[in-house]
Amino acid sequence: MSPVSRQLPHPRELLEFMQFKTPDLNAKRRRLSAALTIDDLRRIAKRRTPKAAFDYTDGAADGEISLQRARQAFRDIEFHPSILRDVSRVDTSTTIFGGPSTLPFGIAPTGFTRLMQTEGEYAGAAAAGAAGIPFTLSTLGTTSIENVKATNPHGRNWFQLYVMRDRDISYGLVERAAKAGFDTLFFTVDTPVAGARLRDKRNGFSIPPQLSIGTIVNAIPRPWWWFDFLTTPKLEFASLTTTGGTVGELLNNAMDPSISFEDLDIIRSLWPGKIVIKGVQNVPDARKLVDLGVDGLVLSNHGGRQLDRAPIPFHLLPEVVREVGRDTEIAIDTGIMDGADIVASIAMGAKFTLIGRAYLYGLMAGGRAGVDRAIAILAEQVERTMKLLQVSELAELTPAHVTQLQRLTPRSTGAVRV
């Protein structure tokens, strides 16, 4: 006989187990609140965005090996938590390039952003300002320097600079960003020509979008994207005066493969704020730049969108930190999709991290609200990871908290000539 006696349930007790959740009639809020990870936002973005625009964001160069390796590098880590530490309160704030950030990440520069979702940089700058983190405007952004400043008047705005064939365009952008009060300039050095963005070529992706039978068929289940695109102001580029052609053609027509250290000297003479070099991919270059007195470095392979099979920034990080970490501030991007990736980067010596695709997935999933959600997801993950590692502030993170597990063991190491 069972020792548990049975009885008919009392109606009042049943009610305790049958409390229905009030339905949320706001579809955007409902789908964003259901997104618990950046991957969730990516899936929503893919459903809601035409293939050409989504693939421009999601894709990388050639075989997309660099991007895959960068993401795998963050998966291939092992954390080593401490124990019996008070983490009832965790401080995620930091200082970077002369100013504060409430979180150890900011929004990276992204080009053609309003093509992904019409709110574009307006959503990114506003969300960054609300969260207390920096926002970076790309030279190839689709909102002007002045409008970004107006959108984020009290937050930290950074400007990412390409050196153009027409140097006066680049110099004019520097002067405009300085006049608008942007405090940091990202001088980007890894784009003498455009990488082979094969998804864009296969999709016939161009600026402005060109209609074909394929794009029309793909657009049918996504009428809201086309409605937004066709009923909002014409795209405004930060620098380009002509916008016809594929993205690769636009980049190749605009970028100058003769860029040199002389350009760095000129830009430094024009820029009154912090100057940071973005696209550093080896230790000798990092050392040379620091000796020249730059204010910071961003280890980056451009999100895998330039040279495929380029070094993995997260793997390069410990070597660069050992060489120049005491002399300058080092940030990192490429492959970051989780707050744990950010915490691991800080533990391995990065002062800061930048998110590109993670922010854009949120943008495509829900405009400004989607960017807010992406930032919130990463912030929650950063705080939870710190608490589980039992550290109460970022300065307590050290390489002892992380092991980089190794899949790719080089047979030989190529010598970098300087």
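Where in the chain does Thr334 lie?

1. Thr334 is found in the loop that runs between strand S12 (329-332) and helix H17 (339-347), and since this is a predicted model, the position should be read as part of a prediction. The phi of Thr334 is near 85°, a positive value in a residue other than glycine. Most residues other than glycine have a negative phi. With a relative accessibility of 6%, Thr334 counts as buried.

2. Leu84 also has a positive phi, of about 55°, although it is not a glycine, and its place is in the loop between strand S1 (77-79) and strand S2 (94-96). Is Leu84 buried or exposed? Leu84 is exposed, with a relative accessible area of 81%, whereas Thr334 is buried.

3. Helix H15 (residues 283-291) has Val283, Ala286, Leu289 and Val290 as its buried residues. These cover an arc of only 130° around the axis, which puts them on the same side of H15. An α-helix has 3.6 residues a turn, so residues three or four places apart point the same way. The partners against which the buried residues of H15 pack are helix H14 (261-270), strand S10 (274-280), strand S11 (296-299) and helix H16 (313-324).

4. H15 is followed by Gly293, which has a positive phi, near 90°.

5. Turning to the aromatic residues, the structure holds 8 aromatic pairs, and ring pairs link Phe97, Trp158, Phe186 and Phe352 into a cluster. There are also charged groups placed over rings: the charged end of Lys288 sits over the ring of Phe261, at 4.1 Å from its centre, and the charged end of Arg305 sits over the ring of Tyr56, at 4.7 Å from its centre.

6. Lys51 lies in helix H4 (residues 51-58) and is partly exposed, with a relative accessible area of 45%. Which residues is Lys51 in contact with, leaving aside its neighbours within four places in sequence? Those residues are Asn203 and Asn218. The C-alpha atoms of Lys51 and Arg199 are separated by 9.7 Å, although the two residues are 148 residues apart along the chain.

Notes: Residues are numbered from 1 along each chain as its sequence is written. This is a predicted model: local features need pLDDT of at least 70, side-chain atom pairs count only at pLDDT 80 or more; totals for chains, interfaces and linings use all residues. Side-chain values use heavy atoms; hydrogens and water are left out. Buried means under 20% relative accessible area, exposed over 50%, partly exposed in between (1.4 Å probe, protein chains only). Helices (H or I, at least four residues) and strands (E, at least two) are DSSP runs, numbered from the N terminus. The arc is that of the directions from the helix axis to the C-beta atoms. Contact means heavy atoms within 4.5 Å. Rings of Phe, Tyr and Trp (its six-membered ring) pair if their centres lie within 6.5 Å; planes under 30 degrees apart count as stacked, over 60 as edge-to-face and the rest as tilted. A charge sits over a ring if NZ of Lys or CZ of Arg is within 6 Å of the ring centre and within 35 degrees of the ring normal.
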